[in-house]
Each structure stands twice: as C-alpha cells, then as structure tokens.
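This briefing concerns the secondary-structure arrangement of the protein shown below. Please keep the structure in view while reading the points that follow.

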Amino acid sequence: MINTSDFDYVRNLVQLKSAIVLESGKEALVESRLTLLARREGIESVDKLLSQLRSHNYSRLHEQVVEVMTTNETLFFRDIYPYEAMRTTVIPDLIKKRATEHRLTIWSAGCSSGQEPYSIAMLLREYFSHLNGWSIKIIASDLSKEILARAQDGRYSQFEVNRGLPAPLLVKYFHQNGVEWQIKDEIRRMVEFSDVNLADGWPLFLSVDVLFMRNVLIYFSIDTRKEILARVRKTLRPDGFLFLGAAETTLNLDDSFMRVSFDKGWCYKLNTPINT
Ligand SMILES: C[S@@+](CC[C@H](N)C(=O)[O-])C[C@H]1O[C@@H](n2cnc3c(N)ncnc32)[C@H](O)[C@@H]1O
C-alpha cells in the first residue's frame with residue numbers, strides 16, 4: 001500500500017491544483033489510479049512514477065495525476081428533474097425575459113464525458129427548435145483535458161447510452177459506429193468545449209442564464225465551495241438559474257441564493273433578482 005508520505009504528496013498536489021480533497025482512507029484508490037497511470041505512460045512502477053513527479057517541476061505528468069484522481073461518473077439526463085424543470089419552467093421563463101435580446105447562455109461546469117451538455121442540447125432541439133433565430137450558447141467545461149476530449153468526441157458505449165437516454169433520442173440523435181454510438185453533428189455543434197478549472201481563474205463568460213454545476217462541489221472543502229459560489233454569484237445573471245447535484249446545496253454556504261422548488265426537484269436563484 002502507498003506510504004503516508006507519498007499519499008500526502010499526491011493529496012497535496014491534487015488539492016493545490018484542483019481543490020479536490022482526498023480524505024484519509026483513500027490510499028487504496030490513489031494507489032490503484034496511480035498504477036493505471038504508470039502502466040499507461042510506460043512507467044515501471046508507482047514508486048518510479050512518484051520519484052519522477054517529485055524530481056521534476058510541474059509537468060503534464062503532474063497534470064495527469066490530478067486528472068486521474070477526478071471522479072467522472074455521469075449519465076444522460078441525470079436525475080431527470082433538472083431537465084423536466086428546464087423544459088417546463090426555466091427555458092419558457094427565459095424565453096419571455098430575453099424576448100428582445102434573443103440570446104441564452106447555458107454552462108455545464110464539470111461536464112465530464114459530455115452526457116450533461118448533450119442532454120441539454122437534445123432537450124433544446126426537441127422542445128425549443130422554434131428558437132431558431134436565437135443565439136444559444138451551450139458551454140461545457142471540465143478540469144480534465146482527457147475527459148473533455150472524450151466529451152468532444154461524443155462517442156459512447158452501449159452501456160453509456162443505456163443509462164438515462166430515452167430510446168427515441170438515441171435513434172434520432174446518434175448513429176451507430178461499430179460497437180459505439182456517435183452523437184450527430186447537429187447536436188455536437190451546439191456545444192462549445194473549454195478546459196476550465198473551477199478552483200482557478202474563470203473565463204469571462206459574458207453572463208450565464210443557466211448554470212449546471214452538478215456533482216462537482218461535493219469533492220471540495222467547505223471553504224472552496226464558498227469561494228466557488230461567490231464566483232457563481234458574479235457569473236450568473238441576476239435572474240439566472242443554478243442547478244447543483246442532488247446531494248449539494250448552497251445552504252449554510254452562501255446566503256445570497258434561495259432554493260426554488262419545481263413540481264419535482266429544485267434549483268437555486270439569487271435572492272435579489274433584478275430584471276435584465
Ligand atoms: C462526477 S462528475 C459530474 C459530471 C456531471 N456534471 C454530472 O453531474 O453528471 C464531476 C466532474 O467534475 C470535474 N472536476 C473536478 N474538479 C474540478 C475542478 N476543480 N474544475 C473543473 N472541473 C472539475 C471532474 O473532472 C468530473 O468530470
């Protein structure tokens with residue numbers, strides 16, 4: 001098993017570069033992911049990998065260590081209620097509010113392999129195709145360059161498309177390519193990908209109408225969650241919508257958000273919306 005000094009080295013590196021907290025007790029997980037990385041990079045052993053890391057300045061190898069420690073679990077239309085809320089309430093509300101500017105910006109932050117932003121894109125294509133003349137931006141970002149490249153590829157296994165994707169949407173928006181399913185260009189082109197580390201500088205997206213930041217905050221410390229929510233406050237339009245994961249909340253972290261309930265599920269809005 002990885003020794004305490006090596007575990008601490010890795011956990012400090014990961015926390016410094018991604019804000020992800022690796023709790024004590026995760027030694028076996030860290031070791032197995034380092035083993036996979038060493039094998040992939042043709043490095044003899046985890047010990048050799050660690051000594052290479054320790055003896056070099058920050059490099060792509062350090063970055064890869066951080067990336068392999070991320071949890072990329074995701075699925076199409078995850079939890080379904082955010083998408084139901086988007087269809088029945090959020091997008092119709094924004095269509096009214098943005099009737100003169102004809103512009104919407106949706107950001108999937110921590111998008112993993114792309115199922116989340118593509119679910120949003122398919123939902124817009126299915127139910128809001130009449131917004132043809134609108135400028136609709138779906139931005140998808142992640143810390144991991146590797147997972148982002150997968151997202152951009154838009155190729156999924158049978159197992160992945162079986163998770164959450166309704167069969168009619170599979171037939172309509174994917175074509176089969178050997179044992180995989182390739183998302184069609186008409187959906188892929190709706191999404192712009194970008195590598196953004198939420199714990200680092202954020203890009204100056206003009207302003208975001210809907211922010212999906214789902215199942216990301218759970219990996220961070222309380223202080224980092226607070227810092228990130230403070231940035232969300234500045235990035236989200238005053239009447240915008242924030243979707244967090246089912247196990248995440250702004251409660252006790254940031255008083256400027258309130259919880260808004262839908263038929264099923266909820267999202268967060270800023271407390272003092274100003275009509276823009
Ligand atoms: C569990 S997945 C969630 C994917 C999707 N949002 C969902 O709910 O299905 C978490 C994602 O957050 C990304 N992530 C972790 N730390 C991050 C950071 N500091 N900045 C940006 N993305 C990060 C991981 O790479 C991973 O792809």
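**Strand pairing and helix packing**

Strand β1 (residues 103-109) and strand β2 (residues 135-142) are joined by seven bridges and pair in the parallel sense. The model under discussion is predicted. Together with helix α6, these two strands make a right-handed β-α-β unit. A separate group of three strands forms an open sheet with antiparallel pairing.

**The parallel strands**

- Within the pairing of β1 and β2, I106 has I138 of β2 as its bridge partner.
- β2 also pairs with strand β6 (residues 191-195), again in the parallel sense, and five bridges connect β2 and β6.
- Across the pairing of β2 with β6, A140 stands opposite F193 in β6.

**Helix α6**

- Helix α6 covers residues 115-127 and contains 13 residues.
- α6 is mostly covered, with 10 of its 13 residues buried.
- The buried residues of α6 are Q115, E116, P117, Y118, S119, I120, A121, M122, L123 and L124.
- Burial here denotes a relative accessible area under 20%.
- An α-helix has 3.6 residues a turn, so residues three or four places apart point the same way.

**The antiparallel sheet**

- The strand order in the open sheet is β3-β5-β4, and the pairing is antiparallel.
- β3 (155-157) and β4 (174-177) are the edge strands, each of which pairs on one side only.
- Neighbouring strands of this sheet are turned against each other by 35° on average, direction ignored.
- β3 and strand β5 (residues 180-183) run antiparallel and are joined by three bridges.
- In this pairing of β3 with β5, Y156 stands opposite W181 in β5.

**Packing of helices α1 and α3**

- Helix α1 (residues 4-18) and helix α3 (residues 46-55) have axes that come within 12 Å and cross at roughly 55°.
- α1 and α3 are therefore oblique to each other, because angles under 35 degrees count as roughly parallel and those of 65 to 115 as roughly perpendicular.
- The crossing of α1 and α3 is left-handed.

Notes. Residues are numbered from 1 along each chain as its sequence is written. This is a predicted model: local features need pLDDT of at least 70, side-chain atom pairs count only at pLDDT 80 or more; totals for chains, interfaces and linings use all residues. Side-chain values use heavy atoms; hydrogens and water are left out. Helices (H or I, at least four residues) and strands (E, at least two) are DSSP runs, numbered from the N terminus. The expected span of a helix is 1.5 Å times one less than its number of residues. Buried means under 20% relative accessible area, exposed over 50%, partly exposed in between (1.4 Å probe, protein chains only). Two strands pair if DSSP finds at least two bridges between them. A crossover is right-handed if, with the strands pointing away from the viewer, the path from the first strand over the helix to the second runs clockwise. Axes are lines fitted to C-alpha atoms, for helices over the stretch in contact, and angles run from 0 to 180 degrees between N-to-C directions. Angles under 35 degrees count as roughly parallel, over 145 as roughly antiparallel, 65 to 115 as roughly perpendicular and the rest as oblique. A crossing is left-handed if the near helix is turned anticlockwise from the far one by less than a right angle, and right-handed if clockwise.
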